[in-house]
Amino acid sequence: MAIQKIKRTYRKTKYILYKETLVDFKEHFWAFIGSFAGIGIIAYLQSRTLPDSDVVFLIGSFGASCVLIYGVIQSPLAQPRNLIGGHVISAIVGVTVAQLAPDIMWLTAALSVSISVILMQLTKTLHPPGGATALIAVTGSAQIKALGYWYVLSPVLSGVLILLFVALIVNNMTPNRYYPTHKKYKKIRKMIHKNLPD
């Protein structure tokens, strides 16, 4: 009996690992296009508007968001509510904590991330890169810290909206990919793709 249970568990594990490691070139292609376009647009805008400035519109947490919203689009953590809410809430927390205790790095770093996680959980906007957004607000350059609450609007909100706009286009270009994954949107997409000429 125990041997059968072990064999069954082994088969299930093997199947899950097989499914998770399948190479789907179409998925990889669209994930590449989306992340390239999203980050490329933000980087281009930064290079055009702030060529000689140290203020960074392209914060590191956007790279992690790209992994979710272009590479794992079915994940609940990748949905628009989580993307926008997670970053904005975390940015507000990070700036607030940085202003309350600006000279105690270990405390501000720990508090900003921990409070962000709790608030994202409470608001159902959990988005892992949000933790990095909060951390950047307290550990970033002097120029980032000088932005204060403007950090929430730009680079955070403006960058997130660009990433979302690109995700809505790229992730809905084929009938096999749809974003966001809410059932209502899935039905609308199917109707649209059905009526498109070949």
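What percentage of the 198 residues of the protein chain count as buried? The value is 36%, with buried meaning under 20% relative accessible area, exposed over 50% and partly exposed in between (1.4 Å probe, protein chains only). The model is predicted, so local features need pLDDT of at least 70, side-chain atom pairs count only at pLDDT 80 or more, and totals for chains, interfaces and linings use all residues. Residues are numbered from 1 along each chain as its sequence is written, and side-chain values use heavy atoms, with hydrogens and water left out.

The protein chain has nine helices and zero strands. Helices (H or I, at least four residues) and strands (E, at least two) are DSSP runs, numbered from the N terminus. Along the sequence the pattern reads α-α-α-α-α-α-α-α-α. Of the contacts with a separation of 6 or more, 67% join residues 24 or more positions apart; contact means heavy atoms within 4.5 Å. The accessible surface of the protein chain is about 12,300 Å², and carbon and sulfur atoms hold 69% of this area. Accessible areas come from the Shrake-Rupley method with a 1.4 Å probe; for residues, only the protein chains shown count as cover.

An unreviewed UniProt entry annotates residues 28–46, 55–73, 79–97 and 149–170 as "transmembrane region". UniProt positions are given in the numbering used here, feature names are shortened, and annotations may be inferred rather than shown by experiment. In the model, residues 28–46 are 100% helix and 0% strand, with end C-alpha atoms 27 Å apart. Residues 149–170 are 95% helix and 0% strand. Their end C-alpha atoms lie 31 Å apart.

The largest nonpolar core has 27 residues. Such a core is a set of buried Ala, Val, Leu, Ile, Met, Phe, Trp, Tyr and Cys residues joined through side-chain atoms within 4.5 Å. I59, I69, Y70, Y151, L163 and Y179 have the most contacts inside the core. At least two core residues come from each of α2 (25–49), α3 (61–71), α4 (80–100), α6 and α8. Helix α8 gives the most, with nine residues.

Y179 also takes part in a cis peptide bond, with P180. Omega is about 0°. P180 sits in the loop between α8 (150–170) and α9 (183–195). The closest N and O atoms of R177 and E27 are 2.6 Å apart. A salt bridge is a side-chain nitrogen of Lys or Arg within 4 Å of a carboxyl oxygen of Asp or Glu. A search of the whole structure finds one. R177 is buried, at 1% relative accessible area. E27 is partly exposed, at 28%.

The search for aromatic pairs finds two. Rings of Phe, Tyr and Trp (its six-membered ring) pair if their centres lie within 6.5 Å; planes under 30 degrees apart count as stacked, over 60 as edge-to-face and the rest as tilted. F29 and W30 have ring centres 5.0 Å apart and planes at 75°, so this pair is edge-to-face. F29 is partly exposed, at 43%; W30 is buried, at 16%. The rings of F32 and F36 are stacked, because their planes are at 25° and their centres 5.7 Å apart. These two residues are four apart in helix α2, which means about one helical turn. Both F32 and F36 are exposed.

K124 has a positive phi, near 55°, and is not a glycine. K124 lies in the loop between α5 (105–122) and α6 (129–139). At 62% relative accessibility, K124 is exposed.
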